[in-house]
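Welcome! Please take a moment to look over the sequence and the model below, and then read on for a short tour.

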Amino acid sequence: MAKVMLNYLLLATSLLLLLPGTAADGHGQDAIVESRGDIPAIGLGTWLSPKKEVKHAAQYALDTGYTHIDAARVYGNERQVGKGIKKASLKRKDLWVTSKLWNTDHRHPERALRKTLKDLKLEYLDLYLMHWPVAFKDGSTVDTRRPITETWRDMEALVKSNKTRYIGISNFAPADVDAILAVCEICPYAHELETHPYLQQQEYVDWHTARGMRVIAYSPLANLNPHYDSGLPSILHDPFWEQMAENKNATIPQAVLAWGLQRGTVVIPKSVHEEYIRENLGALSIVYGEEEMMQIAAQDRKVRMNNPGREWGVDLFDGLDDPTVPKREDEL
Ligand SMILES: NC(=O)c1ccc[n+]([C@@H]2O[C@H](COP(=O)([O-])OP(=O)(O)OC[C@H]3O[C@@H](n4cnc5c(N)ncnc54)[C@H](OP(=O)(O)O)[C@@H]3O)[C@@H](O)[C@H]2O)c1
């Protein structure tokens, strides 16, 4: 129980506490070096957030206690996210912003990041992720002649030029992670991957922790993203979670996110609704006992919600639960 409490305190502290920098507003080269701090435990996701709504969602979140926004160039809404950040009262040094290099930009990360920074109206990012271990020539034709290790080299240069404090990866299989670890001079700070109660991958989460990488859990609310077609009923109607939420005097999203935090992942729930944005922060005050954590572990369904591998003709998630099933010959 003492260990559980300690974990919770560490996570709760990391939400609100970024080590203060001494530069006036966290801008410029010196500020990047000085404003060191760990990634806040909870952030606001922005995938599929409509342009008209995400500015307010980002501003509202930051004025309500969030200090972390998860963005990406491919979400097509970074300009509006940037407007929300600018309107919020948080100082740059107290804010964590992640964005991602899209597949079509593997050969020119510097140019892509410049565009992202311009749209977000920031001078630097906290974390820049390689969105997928897959390069595209254009559209979605795979560029097999661009190894991820070369993209990584170019991303390392972005840290050296102070355009981002950290770099990381997203949606990598173990062999992809190993390929980067074998060559990195600046190694991944974090891996953002799909994980939630229906795709727990606890071993993979722990594998990262053992290698000094943070795990950022995307789609932390399992199948609540309406884009997903998992074949499972909504987690909001899952009797196990109904009971668990009742036991904790919480809502189901709060109970689910609290588990994500307590197992050592950073969670980035997306919402454009004020009440959900506020509600999700409530996860920070829920603590599970060991027995409850074991009960939740037994609920794993090993169902992956986000897998564009077949569409792209690429085998993804090899060695993990629910990898891309290669096409049969009669499907080719
Ligand atoms: N790296 C990657 O490849 C990758 C892939 C997927 C996602 N992500 C990141 O992870 C973030 C989160 O994942 P996600 O957007 O897939 O799914 P999610 O955050 O697990 O779920 C989002 C859905 O849940 C709803 N919701 C949020 N809080 C709620 C609450 N308290 N009660 C009821 N409904 C609630 C939202 O509704 P409303 O929006 O209608 O309010 C939205 O429909 C993304 O936005 C993105 O930033 C990254």
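This is a predicted model: local features need pLDDT of at least 70, side-chain atom pairs count only at pLDDT 80 or more; totals for chains, interfaces and linings use all residues.

Leaving out residues up to four places away in sequence, Tyr 128 touches Ser 99, Leu 101, Leu 113, Met 155, Leu 158, Thr 164 and Ile 167.

## The sheet

Now turn to the strands. Eight of them form an open sheet with parallel pairing, in the order S1-S2-S3-S4-S5-S6-S7-S8. Which strands sit at the edges? They are strand S1 (44-45) and strand S8 (266-267), each of which pairs on one side only.

As a reminder, strands of a sheet pair through backbone hydrogen bonds, in either a parallel or an antiparallel way. Here, strand S3 (residues 96-101) runs parallel to strand S4 (residues 125-130), and four bridges join the two.

## Two loop residues with positive phi

Most residues other than glycine have a negative phi. Lys 121 has a positive phi, near 60°, and is found in the loop between helix H5 (109-120) and S4. Is Lys 121 buried or partly exposed? Lys 121 counts as partly exposed because it has 13 C-beta neighbours inside 10 Å.

Asn 162 also has a positive phi, near 65°. You can find Asn 162 in the loop that lies between helix H6 (148-160) and strand S5 (164-170). Asn 162 has 15 C-beta neighbours inside 10 Å, so it counts as partly exposed.

The last stop is Asp 300, in the loop between helix H12 (290-297) and helix H13 (309-312). Because 15 other C-beta atoms lie within 10 Å, Asp 300 is partly exposed.

Which residues does Asp 300 contact, once its neighbours within four places in sequence are left aside? They are Tyr 198 and Gln 200.

Definitions and conventions
Residues are numbered from 1 along each chain as its sequence is written. Two residues are in contact if their C-beta atoms, placed from the backbone, lie within 7 Å. Two strands pair if DSSP finds at least two bridges between them. A residue is buried if 20 or more other C-beta atoms lie within 10 Å of its own, exposed if 12 or fewer, and partly exposed in between; C-beta atoms are placed from the backbone.
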